[in-house]
Amino acid sequence: MKLSLRTRVLTGAVAAAALSAGTFGAMSANATEPAAAPAAAVEADPANKNLQQSTHLTVAAATEAAQAALDAAEDENQRVTVAVVDRNGNTVVTLRGDGAGPQSYESAERKAYTAVSWNAPTSELAKRLAQAPNLKDIPGTLFLAGGAPVQVKGAPIAGIGVAGAPSGDLDEKFAQAGVAALGK
């Protein structure tokens, strides 16, 4: 059976209207139902054993630390990049010094990430590679001197990474200058 164009258009319009009416009716029916109760809020009670308070470095403090590390490098005529990451390894601030090499940006971030992840200077972590060479395969890490953790009560809250000086020892010295600036 072949339908005319007019019949097909009318049939399609009726079907669309019926579908719309059904959708509108379903929406109307749902609108008359009471709203679901919001999830219960957890109170920030120090006695609540399910909550843990953490300390974070502010952007201002991270910038101050990065600038102190960059200043220490510039005082020794070194061209470096400094990165500060938070406890979760997210970059908070990165300062690229004038003339720092292109590889220094990522290297500084990775050193900072490595330092905060293991709560240890990256020069110490580089020594561990002799016993566990697969450590270097962990994504985002760089086991070269130049990263230092920022600690509060022995727990890591941030990491500072420096890259670009001719030696990792210098990079780490500048990273430690950034850490020291936070203690003032």
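Modeller: In this predicted model, a residue counts as buried when its relative accessible area is under 20%, and as partly exposed between that and 50%.

Biologist: Which residues of α3 are buried?

Modeller: An α-helix has 3.6 residues a turn, so residues three or four places apart point the same way. With the cut-off of under 20%, the buried residues of α3 are Ser 104, Ser 107, Ala 108, Lys 111, Ala 112, Thr 114, Ala 115 and Val 116.

Biologist: What covers the buried residues of α3?

Modeller: Cover here is judged by contact, with heavy atoms within 4.5 Å. Both strands and helices take part, and what covers the buried residues of α3 includes β1, α4, β3, β4 and α5.

Biologist: How many Å apart are the end C-alpha atoms of helix α3, and what span should its residues give?

Modeller: Helix α3 covers residues 103-118, which makes 16 residues. At 1.5 Å a residue these should span 22 Å, which agrees with end C-alpha atoms that are 23 Å apart.

Biologist: Which residue follows α3, and what is its phi?

Modeller: The helix ends at residue 118. Next comes Asn 119, with a positive phi near 55 degrees.

Biologist: Is Val 92 buried, partly exposed or exposed?

Modeller: Val 92 lies in strand β2, which covers residues 91-96. Its relative accessible area is 28%. Buried means under 20% and exposed means over 50%, so Val 92 is partly exposed.

Biologist: Which strand gives the most to the lining of the largest pocket?

Modeller: The largest pocket has a volume of about 160 Å³. Its lining has 4 nonpolar, 4 polar and 1 charged residues, and Ala 155, Pro 156 and Ile 157 are among them. The strand covering residues 155-163 gives the most, with 3 residues, and that strand is β4.

Definitions and conventions: Residues numbered from 1 in each chain as written. Predicted model: local features only at pLDDT ≥ 70, side-chain atom pairs only at ≥ 80, totals over all residues. Heavy atoms only, no water. Helix = DSSP H or I, 4+ residues; strand = E, 2+ residues; numbered from the N terminus. Buried < 20%, exposed > 50% of the residue type's maximum accessible area, 1.4 Å probe, protein only. 1 Å grid on protein atoms, 1.4 Å probe; cavity = no way out; pocket = protein on both sides within 12 Å on 5 of 7 lines; lining within 4 Å. Points joined across faces, edges and corners; volume = space filled by probe spheres on them. Nonpolar A, V, L, I, M, F, W, Y, C, P; charged D, E, K, R; others polar. Expected span 1.5 Å × (residues − 1).
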